[in-house]
Amino acid sequence: MRASHLQNSYLPHASLGCLDSRRDQRGFTMLEIALTMVLAGIVAVSYLYIQTNDTQTNLSKAQAGYYMTVNDAVGRYMLRYYDGLSGIRGQCSTVPLKDGATASGTSLPCAFATSVVSGPAAPANAYQPTLQNLKALGMLDANFADRFLFSTDKTVRNRAGGVAPSTYFVNIQRWCNNVQVVDETICLTPTFKSLVFNSQPFSRSTAGSFKMTRDEKLSTALSEIGSDGLMSLESTVDTSGNLFSVGKQTFLANPIVNAANKGIPGILAIQNSAAIQCSAQ
């Protein structure tokens with residue numbers, strides 16, 4: 001009887017020990033699992049944002065590089081054909097592009113004299129050589145692609161009323177004594193100023209899904225170009241329609257205007273100049 005009593009009194013003690021052991025074994029709660037998933041999601045989203053932003057920033061910088069390549073070619077063109085350009089009428093600088101309407105232009109002859117350049121390489125308008133002209137004249141690499149890394153709208157029309165091609169448009173102006181020549185005036189040592197810009201506006205985009213807005217993309221490209229770069233701002237930010245440099249330090253008239261003769265947003269440009277200085281010997 002005594003042995004049986006001791007055995008029975010032991011069993012409850014052992015059973016309590018098992019209950020205590022089970023009480024100490026804990027798993028993850030739903031709150032802990034949810035918190036872990038939220039943190040993992042934040043890390044993934046942050047990584048995706050950084051990667052996407054870096055990609056778009058690099059794309060904008062690359063686009064700026066292409067503008068500078070064309071600009072260098074135009075600079076060589078102006079120096080190489082400086083004398084020939086001096087005889088071209090100032091009216092030939094009229095840009096034959098307009099947003100949403102048929103553009104104006106000039107019907108005057110604007111080509112080089114045949115003694116300067118002749119044949120297929122000769123621009124129809126010496127003040128507005130195409131990329132094909134620059135390539136044929138050896139100013140631009142023949143493999144340079146005439147397209148943009150950003151999408152463009154098809155709203156700008158030419159003199160015939162048709163949709164203008166989306167291209168790097170080149171326009172050169174002749175200046176005499178710091179005044180743009182708009183007629184047939186000739187001066188001894190003119191200065192030529194060029195502007196390279198997109199003939200169709202870059203498409204508007206809004207922030208979202210980690211995408212940069214049009215202004216953000218163009219501003220990034222503008223910073224990469226530097227002081228020679230200009231861009232038009234969104235109409236909600238600026239109502240003048242002008243082209244502005246980094247920090248709005250300088251501005252130029254927008255070469256593409258709408259039916260109300262107001263410059264349009266979405267234009268990125270780069271300027272250049274060429275002059276020959278004469279000095280007494």
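How much space lies in the second largest pocket? In this predicted model, the figure comes to about 360 Å³. Twenty residues make up the lining of this pocket, and those nearest its centre are Gln128, Pro129, Thr130, Thr167 and Phe169. Helix α4 (131-136) and strand β3 each put at least two residues into that lining.

The largest pocket, for its part, has a volume of about 510 Å³. It is lined by 21 residues, with Asn171, Gln173, Leu195, Leu252 and Ala253 the closest to its centre. Strand β3 (168-176) turns up here too, and β3, β5 (191-198) and β9 (268-275) each supply at least two lining residues.

One joins Cys92 to Cys110, with the sulfurs 2.0 Å apart. Cys92 sits in the loop between α3 (82-85) and β1 (98-99) and Cys110 in the loop between β1 and α4, so this bond ties together parts 18 residues apart in sequence. The torsion about the S-S bond of Cys92 and Cys110 is about -85 degrees, which makes the disulfide left-handed. Both Cys92 and Cys110 are buried.

The other bond links Cys176 to Cys187, at an S to S distance of 1.9 Å. Because Cys176 lies in strand β3 and Cys187 in the loop between β4 (179-180) and β5, the pair ties together parts eleven residues apart in sequence. With a torsion of about -75 degrees, the disulfide of Cys176 and Cys187 is left-handed. Cys176 is buried, at 8% relative accessible area. In sequence order, the bonded cysteines pair 1-2, 3-4.

How values were computed:
Residues numbered from 1 in each chain as written. Predicted model: local features only at pLDDT ≥ 70, side-chain atom pairs only at ≥ 80, totals over all residues. Heavy atoms only, no water. 1 Å grid on protein atoms, 1.4 Å probe; cavity = no way out; pocket = protein on both sides within 12 Å on 5 of 7 lines; lining within 4 Å. Points joined across faces, edges and corners; volume = space filled by probe spheres on them. Helix = DSSP H or I, 4+ residues; strand = E, 2+ residues; numbered from the N terminus. Disulfide = S-S within 2.5 Å. Buried < 20%, exposed > 50% of the residue type's maximum accessible area, 1.4 Å probe, protein only.
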